[in-house]
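User: I would like to go through this model step by step. Could we begin with the terms and then turn to the chains?

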Amino acid sequence: MTRSLDDTAAAAVRDTVPVAASIAPLALVIGATAARVGVPVPADAAGAALVFAGAAHLAVLTTLAAGALTALAAAALINVRLLLYSASIEPRFRHQPRWFRWLGPALLIDQTYLLVTARDDLAEPARFRRYWLCAGGLLMGCWVATVALGSVLGPLLPEGVPLDAAAVAVLVGMLAPRVKALRPAAVAVTGLLAAALLPGGLGLLVGIVAGAVVGVALDRWAS
Amino acid sequence: MSTAVVVLLAVGVLSWLFRVAAITLLPATRLPPSVRRLLDHAVPAALAAMVGAGIAGGAALPDLASRLPVLAGAVVTAVLAWRVRGIVLPVMAGLAAAWVLGVL
């Protein structure tokens, strides 16, 4: 048992290292953006661990000028997908100890969800727990360290570095793979145009709601 | 404590509730299909709205000339992100395009 759990931990590390490298640019941009809006490094690092979701974290930093409630609503709407992930992954937590059922989900993000759902050797509760804690813990450690590094390096960047363009580019990089079909493309175009044409926080909220409503309307029309 | 830190704390608590809700509190599999579809669409809608707000720079009917570098960076990133796997190359190319246009 001990040997096999060690093998599981090693597999988790092997799987996680390239994933951690792939999200490092987003973490650096978040850290640099936080420094630019005046969030102290320890506070942003703590926020990175607590939120542990790049798009939502970036949403808070980039929409705060439109108001705290707008920033909170935007981040909440982005992270609402975690409800679906937790529903999908619930069977893996069903026979786990109580502490793990309450604390383990803190490591649930797109990447950890995709990592465990791609493996078919985690049916045993102890094995799943070992893999989840190793993969999620390593990913969170790398994430927080890289956000903090971005916070430290951010103030050293020249004024001309277009951090707002970097933030938009990161968001586009996350959005583009999701909009290869007509329906999500219509959702995205609606949300983008509404947010761009309406003022500040109102545009953001109207864009999110309008995009989601168009998506549901297209679902009904297609069925 | 700054507003940004308070909001980050609130988002952290809310995110943990989302994460734990369907595992420990309320099975989300019991949600009606229409609500689940709305949640599905909320993610691309939210990302796209943030892109739109970012391109506009927080103002209505923005001065397009001043936002052209951001727009160009977004377009370059989108085109590459559709064609290659991973986020690093598209973002770096988009950022480079925005930087070059900003300098010109």
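Analyst: Contact here means heavy atoms within 4.5 Å. The model is a predicted one. In chain B, of the contacts between residues at least 6 apart in sequence, 19% join residues at least 24 apart.

User: What is the pattern of chain B along the sequence?

Analyst: Chain B reads α-α-α-α, with four helices and zero strands.

User: And how much of chain B is buried?

Analyst: Of the 104 residues in chain B, 45% are buried.

User: Let us move to the packing between chains. At what angle do α4 of chain A and α1 of chain B pack?

Analyst: Helix α4(A), residues 68-79, and helix α1(B), residues 3-25, pack at about 25 degrees, and their axes are 10 Å apart. Angles under 35 degrees count as roughly parallel, and the two helices are therefore described as roughly parallel to each other. The crossing of α4(A) past α1(B) is right-handed.

User: Which residues make that contact?

Analyst: On α4(A) they are A:A68, A:A71, A:L72, A:A75, A:A76 and A:N79. On α1(B) they are B:T3, B:V7, B:A10, B:V11, B:L14, B:S15 and B:F18. By class, this contact of α4(A) with α1(B) has ten nonpolar, three polar and no charged residues.

User: What about α2(A) against α1(B), which way does that crossing go, left-handed or right-handed?

Analyst: The crossing of α2(A) and α1(B) is left-handed. The axes of α2(A), residues 41-51, and α1(B) come within 8 Å and cross at roughly 15 degrees. These helices are therefore also roughly parallel to each other.

User: Which residues take part there?

Analyst: From α2(A), the contact involves A:A43, A:D44, A:G47, A:L50 and A:V51. From α1(B), it involves B:V5, B:L8, B:L9, B:V11, B:G12, B:S15 and B:R19. The classes in the contact of α2(A) with α1(B) are seven nonpolar, three polar and two charged residues.

User: Changing topic: where does A:Q96 lie?

Analyst: A:Q96 is in the loop between α5 (81-93) and α6 (98-103) of chain A.

User: Is A:Q96 buried or exposed, and why?

Analyst: A:Q96 counts as buried because its relative accessibility is 7%, and the cut-off for buried is under 20%.

User: What does its side chain make a polar contact with?

Analyst: The side chain of A:Q96 makes a polar contact with the side chain of A:R129, at 2.7 Å. Leaving out residues up to four places away in sequence, A:Q96 touches A:R101, A:P125, A:F128 and A:R129.

Terms used
Residues are numbered from 1 along each chain as its sequence is written. Chains are lettered from A and ligands numbered from 1 in the order in which they are written. This is a predicted model: local features need pLDDT of at least 70, side-chain atom pairs count only at pLDDT 80 or more; totals for chains, interfaces and linings use all residues. Side-chain values use heavy atoms; hydrogens and water are left out. Axes are lines fitted to C-alpha atoms, for helices over the stretch in contact, and angles run from 0 to 180 degrees between N-to-C directions. Angles under 35 degrees count as roughly parallel, over 145 as roughly antiparallel, 65 to 115 as roughly perpendicular and the rest as oblique. A crossing is left-handed if the near helix is turned anticlockwise from the far one by less than a right angle, and right-handed if clockwise. Ala, Val, Leu, Ile, Met, Phe, Trp, Tyr, Cys and Pro count as nonpolar, Asp, Glu, Lys and Arg as charged, and the others, Gly among them, as polar. Buried means under 20% relative accessible area, exposed over 50%, partly exposed in between (1.4 Å probe, protein chains only). A polar contact is a pair of N or O atoms within 3.5 Å; within protein, one must be able to donate a hydrogen and the other to accept it, and residues adjacent in sequence count only if both atoms are side-chain atoms.
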